[in-house]
Amino acid sequence: MNRPPQEEPASADFLLDARGVSRELDAYVVGIAFGREGRSCILGTGDGAFHLARLEGDWTRVEGHAGAVLALCPDGKDGALSGGDDGRLLRVSSEGEVSEIARYGSKWIDHVAAHESGLRAAAVGKAVHVLDAKGGALKSLAHPSTVAGLAFDPKGKRVAASHYNGASLWFVGAKEDKPRLLEWKGSHGILAISPDGTHVVTAMQENALHGWRLADGQHMRMSGYPTKTRSISFTAKGRWLATSGAESIVLWPFFGGGPMGKAPTELAGGDGVICTQVAAHPQHEVVAAGFEDGLVLIAEIASGKVVPVAAPGHGGVSALAWNPAGTHLAFGTDKGFAGLLDLSKR
């Protein structure tokens, strides 16, 4: 992808120094989940532990999985939901209390998803297990191959799972479990559903994305990446899809007939370092991004303005998340460095 030259941000003024705190967690940061209640920030690490992050005071480490945290997401009402390589589905409360929701033997729980209604889903091999707010099993959905991406739609009525040769879209409340199959040959990974529920997008094994417009099944192919895309995030109103996998933040337009026939917008690139994580702001057309050298920044889509958040040098950014109000941002790296910022300050 060709990027126009971009003005380098001043290296002296990183927001983490003025508005945040950082810690060394001594293990790969796998995921970050801000509780929907707005109070908790929970980080899951490769040694199976959870860390409750605070702007003021100590960070609390809580033992969790007997192995690695493999997936982490906000739970239905508060706290976080976690899957591990010990086959356990765990819940971490906003106070750091850990409880077991389900156990799936020796099989890894590679992906988890939760909806504010209380519904939960866990991907275990080829199956997606759907559970209610109390942890009761509702159904088990079989897929043709290992599930590689998982998400509920905005209303919590459908759950989507990506796998080899496409993705399956299931109605959670249907009496007969028969999915709508979104087909496209190849290996499909992470998955996202647009905020209005009209599009499903997956990252392919090759350096490309594939999407479907659900109204008519129209296919969308988004290619040209130098590396595999491992992070995708729709902006709040679904106008843009922010993606990693290039030397910039790549944004595909989902308006005006796009992304078909539309060129992407690229922000904050030009130095040869690959973007590894993206997280769209929950309210505004702003995107946070992390790079393989540890740089974290925030970019405004309309103006292209870039604000540096954290300096390079602490490992590649492996996790990135906003709180629901968009006032706090947290990140973590593959070397165990983590930061939490309060961006509400003036």
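Q: What makes the contact of Lys139 with Asp177 a salt bridge?
A: In this predicted model, the closest N and O atoms of Lys139 and Asp177 are 2.8 Å apart. A salt bridge calls for a side-chain nitrogen of Lys or Arg within 4 Å of a carboxyl oxygen of Asp or Glu, so the pair qualifies.

Q: What parts of the chain does this pair tie together?
A: Lys139 belongs to strand S13 (residues 137-142), while Asp177 sits in the loop between strand S15 (158-171) and strand S16 (180-193). The two parts are 38 residues apart in sequence.

Q: Why is Lys139 called buried?
A: Its relative accessible area is 17%, and buried means under 20%, so Lys139 is buried.

Q: And why does Asp177 count as partly exposed?
A: Asp177 has 36% relative accessibility.

Q: Are Asp78 and Arg91 buried or partly exposed?
A: With a relative accessible area of 22%, Asp78 is partly exposed; Arg91, at 18%, is buried.

Q: Which residues are linked with Asp78 and Arg91 in a network of salt bridges?
A: Asp75 and Arg120 are linked with them in that network.

Q: What makes Asp153 and Arg158 a salt bridge?
A: Their side chains meet at 3.2 Å, N to O, and the criterion is within 4 Å, so this pair qualifies too. Both Asp153 and Arg158 are buried.

Q: Why do strands S6 and S9 stand at the edges of their sheet?
A: The open sheet has the order S6-S7-S8-S9, with antiparallel pairing. Strand S6 (69-74) and strand S9 (98-103) each have a single partner strand, so one side of each is left without a neighbour in the sheet.

Q: How do you know that S8 and S9 pair?
A: Strand S8 (residues 88-92) and S9 share five bridges in the antiparallel sense. Pairing needs at least two, so the strands pair. Leu89, for one, has Ala102 in S9 as its bridge partner.

Terms used:
Residues are numbered from 1 along each chain as its sequence is written. This is a predicted model: local features need pLDDT of at least 70, side-chain atom pairs count only at pLDDT 80 or more; totals for chains, interfaces and linings use all residues. Side-chain values use heavy atoms; hydrogens and water are left out. Helices (H or I, at least four residues) and strands (E, at least two) are DSSP runs, numbered from the N terminus. Buried means under 20% relative accessible area, exposed over 50%, partly exposed in between (1.4 Å probe, protein chains only).
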